[in-house]
Amino acid sequence: MSQPLTIALAKGRILDEILPLLARADIKPTDDLFTSRKLVFSTNDENINLVLIRSADVATYVQYGAADLGVAGKDVLLEHGGEGLYERLDLKIASCKLMTAGIADKAIPKGRIKVATKYPEITRQFFLRQGRQVELIKLYGSMELAPIVGLADLIVDLVDSGNTLKANGLVPLDHIMDISSRLIVNRASLKMKNQAIKALVDKIEQAVED
Ligand code: PRP
């Protein structure tokens, strides 16, 4: 019997879009991932299990082979660095933009500015390319609050509808990059379970195109 494959999925906005995509590839969890408190889920395919973790942890699970495959945002992958894994498919879901944003009509100070973000590595590289000196303030969520309370001059965050920025009196400024979710594969798994992974990736690729 072949060894089952484990796919790491992230809680949050990606989950809403990945489950219909997996269903089109005929992979359906046997429990409701939205309501269950479980972390490991079987599927209608006895050779495929799912684990449900935080989005920032997906690349780490796949890097160490704790999951053979994973679905993570390009933002998370760039921040992780990609060690030990391959990015195999652009799933074209959970699309949004990574942007800088600040308080509407407020001038950005000259010289060194404070930038709050969940993405210090991408942010550091962006401002390096701009030739701007920045002090990075690492936050884990609710970045929009930082300029309001004077913690930062700017934020770097994901923007989808723009409603969160607007609701907090912020405006989008620089477009850093487009983001979407990617299917990633552990490098060792790809060698050891090549056939099973290739068949699964092909099925998911077909579902992306459907
Ligand atoms: C993201 C992001 C923004 C918001 C943008 O947060 O950090 O806060 O969505 O979406 P909008 O442009 O449609 O308003 P998310 O809801 O994913 O939660 P998080 O704070 O845990 O990242």
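Trainee: In which strand does Arg-182 lie?
Mentor: Look for residues 181–186, the stretch that contains Arg-182. Strands are DSSP runs of E with at least two residues, helices are runs of H or I with at least four, and both are numbered from the N terminus. By that numbering, Arg-182 lies in strand 11.

Trainee: What kind of model is this?
Mentor: Residues are numbered from 1 along each chain as its sequence is written, and side-chain values use heavy atoms, with hydrogens and water left out. Local features need pLDDT of at least 70, side-chain atom pairs count only at pLDDT 80 or more, and totals for chains, interfaces and linings use all residues: this is a predicted model.

Trainee: Is Arg-182 buried or exposed?
Mentor: Buried means under 20% relative accessible area, exposed means over 50%, and partly exposed is in between, using a 1.4 Å probe and protein chains only. Arg-182 has a relative accessible area of 13%, so Arg-182 is buried.

Trainee: How far apart in space are Arg-182 and Asp-153?
Mentor: In sequence, 29 residues separate Arg-182 and Asp-153. Going from C-alpha to C-alpha, the distance in space is 31 Å.

Trainee: What share of the protein chain is buried?
Mentor: Picture the whole chain to begin with: it has 8 helices and 11 strands. Its C-alpha atoms fill a box of roughly 65 × 30 × 30 Å along the principal axes. Of the 210 residues in the chain, the buried share is 43%.

Trainee: Which backbone oxygen does the side chain of Thr-117 reach?
Mentor: Thr-117 lies in strand 7, residues 113–117. It counts as buried because its relative accessibility is 0%. At 2.9 Å, its side chain reaches the backbone oxygen of Val-156.

Trainee: Which residues surround the ligand?
Mentor: A residue is near a molecule if one of its heavy atoms lies within 4 Å of it. Around the ligand we find Arg-13, Lys-118, Glu-144, Asp-157, Leu-158, Val-159, Asp-160, Ser-161, Gly-162, Asn-163 and Thr-164.

Trainee: Which element gives the most to the shell around the ligand?
Mentor: Two elements each supply at least two residues of the shell, namely helix 6 (163–167) and strand 9 (154–159). With 3 residues, the one that gives the most is strand 9.

Trainee: How many charged residues are in the shell?
Mentor: Asp, Glu, Lys and Arg count as charged; Ala, Val, Leu, Ile, Met, Phe, Trp, Tyr, Cys and Pro count as nonpolar; and the others, Gly among them, count as polar. The shell has 2 nonpolar and 4 polar residues, and its charged residues number 5.

Trainee: How much of the ligand's accessible area does the protein cover?
Mentor: Let's visit some polar contacts, pairs of N or O atoms within 3.5 Å; within protein, one must be able to donate a hydrogen and the other to accept it, and residues adjacent in sequence count only if both atoms are side-chain atoms. Oxygen atoms of the ligand lie 2.9 Å from a polar side-chain atom of Asp-157, 2.8 Å from a backbone N or O atom of Asp-160 and 2.4 Å from a side-chain N or O atom of Thr-164. Accessible areas come from the Shrake-Rupley method with a 1.4 Å probe, and for residues only the protein chains shown count as cover. On its own the ligand has 500 Å² of accessible area, and the protein covers 68%.

Trainee: Is Lys-92 buried or exposed?
Mentor: Lys-92 sits in the loop between strand 5 (85–90) and strand 6 (96–103). Its phi is positive, about 55°, although it is not a glycine. With 60% relative accessibility, Lys-92 counts as exposed.

Trainee: And Ala-94, buried or exposed?
Mentor: Ala-94 is also found in the loop between strand 5 and strand 6. It is not a glycine, yet it has a positive phi of about 50°. Its relative accessible area is 8%, so Ala-94 is buried.
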